[in-house]
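User: Could you walk me through how to read a few features of a model, one at a time?

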Amino acid sequence: MGAEAEDRVYYVISDLHIGGDEQLEAVEFLPELLAFLDRLAHTEENAELIINGDAFGLWEFTEIEGIEKFEALEERYPTLFEQLRETGANIPITLVPGNHDHELAAHEAYVERFAAYNVDLVVEQSIERVVGETRIHFEHGHQQDPNNRIEDWGNPHASPLGYYFNTLVTSRAGRLSDRGRFNWLKDVQAVTPTERIPAWLISKYFYREMNPLIRYALVPFLLLFNISAVLAVLAGLDLVGIWSWPVEWTTTALGQLGTAGTAIWFLLAVNVAVAGLLLLVGIPLYFLRRDVRQTVNRFGVFETDLTVNTVEPYEDAARAVFEAKPDTRIFCYGHTHRPSIRPVEDGLLVNTGTWLKRLHRREGVIGILPSVFYPTYQLSAVRIAAEPEGVSVEFEPIQKPNPTPEELTRTERFVTLGREPDPDLPDRAVLRTEQSRRE
């Protein structure tokens, strides 16, 4: 590459997941994306925009095939495509396929259609760029994920495990989401890892779909469950004559409160009875569950963990690339939706995050209420540029208000008071080059 390319500034985004059936059609960050692209359309930097995979949710289209999906995208998001055309007239835009939009590498017609909007669609698994003395490796990252790896790259019929999940679960969620009390089911694509989906569904049912009268009747019992479990044990000790003081003290203290004490005593008595029953049932069920799990493991029915390791495979892949090409010192990927910068050997491993919502699991402060999944946005673009001290990698935040006030009920906010997530983007990192060290 020439000196002009070596001095280029690279902006990298990934995992937009634009498109899909019905409710998945909504792009909640579209104004912010258009503003970001418009800024690049007027920049005077020698810049290039790299969209590093999963720009589009082609897996989530289940009623149309092939190039028809592109036509659906054009029809639904005309302002986006016109903005891509304008931005691409000022700086190069390179699009790398991910797993959700692997079809971009399977149909040659896509290359020509994107070119009409000044977007260079690269149908390879990875690309390289040079900044200063340093070579950068870009790939989406799904090839390091056994559940989403495309064994036959470019095959339009490629269907790893993740393909079936998205066509059978995510797409169906998009079609059914508006039937709920709140349009929340479409956010299933933001739940990572996917093993958390059952807990997320239970949470949304309890806080959103359950009849309010039933929920508000259950909340006091569930909040007091931990206390009731302890009282159930103490009541058992009193019943067998081992230790009676706690029960006697509680009875005396509540008796001094009159009617209020009687109401509290009744509530605690019901809770203790329920907690005691659950404890009696739960103990044998625990041992039964453990024995079943040991038997299943002994027969090797499940030999792999479906939870994707979001760190080690990518560190190993980066080491392999750095070893094969010593001048490559930055490995940039997406896929896992977790923005990060980590040192690996003498280089950097960079994850560009996602423009979808991020759901942060939070347990309640007390009781056994379902977990709360806090939604936040961490919209950002990674900027990679040559600096006097080396090569800088920096997350540029793109402001968007978090949706928490609209998407969490009062109950969810109450039981997680003081446990709200406050995710931060990674700090700026500088990769010192040989030249900067000499200077």
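**Reading cavities, rings and strands**

Analyst: Let's start inside: the lining of the largest cavity splits into nine nonpolar, three polar and four charged residues. Here nonpolar means Ala, Val, Leu, Ile, Met, Phe, Trp, Tyr, Cys and Pro, charged means Asp, Glu, Lys and Arg, and polar means the others, Gly among them. Bear in mind that this is a predicted model, where local features need pLDDT of at least 70, side-chain atom pairs count only at pLDDT 80 or more, and totals for chains, interfaces and linings use all residues. Residues are numbered from 1 along each chain as its sequence is written, and side-chain values use heavy atoms, with hydrogens and water left out.

User: What volume does the largest cavity have, and which residues are closest to its centre?

Analyst: On a 1 Å grid over the protein atoms alone, a cavity is a set of points where a 1.4 Å probe fits but cannot get out; a pocket is an open set with protein on both sides within 12 Å along at least five of seven lines, and lining residues have an atom within 4 Å of a point. Points are joined across faces, edges and corners, and volume is the space filled by probe spheres set on them. The largest cavity holds about 190 Å³. Its lining has 16 residues, with Ala26, Glu28, Asp187, Gln189 and Leu356 closest to the centre.

User: And how is the second largest pocket lined?

Analyst: By 18 residues, with Glu65, Lys69, Glu103, Pro156 and Tyr163 nearest its centre. Seven are nonpolar, eight polar and three charged, around a volume of about 280 Å³.

User: How many aromatic pairs are there?

Analyst: Rings of Phe, Tyr and Trp (its six-membered ring) pair if their centres lie within 6.5 Å. The structure has 17 such pairs, and one aromatic cluster is made of Phe56, Phe70, Phe81, Tyr110, Phe114 and Tyr117.

User: Which charge lies over the face of Phe182?

Analyst: The test asks for NZ of Lys or CZ of Arg within 6 Å of the ring centre and within 35 degrees of the ring normal. Arg208 is over Phe182, 4.3 Å from the ring centre; likewise, Lys400 has its charged end over Tyr377, at 5.1 Å.

User: Is strand S7 mostly covered or open, and what does S7 pair with?

Analyst: Strands are DSSP runs (E, at least two residues), numbered from the N terminus, and two of them pair if DSSP finds at least two bridges between them. In S7 (residues 328–333), six of six residues are buried, meaning under 20% relative accessible area with a 1.4 Å probe, protein chains only.

Methods
Rings of Phe, Tyr and Trp (its six-membered ring) pair if their centres lie within 6.5 Å; planes under 30 degrees apart count as stacked, over 60 as edge-to-face and the rest as tilted. Buried means under 20% relative accessible area, exposed over 50%, partly exposed in between (1.4 Å probe, protein chains only). Helices (H or I, at least four residues) and strands (E, at least two) are DSSP runs, numbered from the N terminus.
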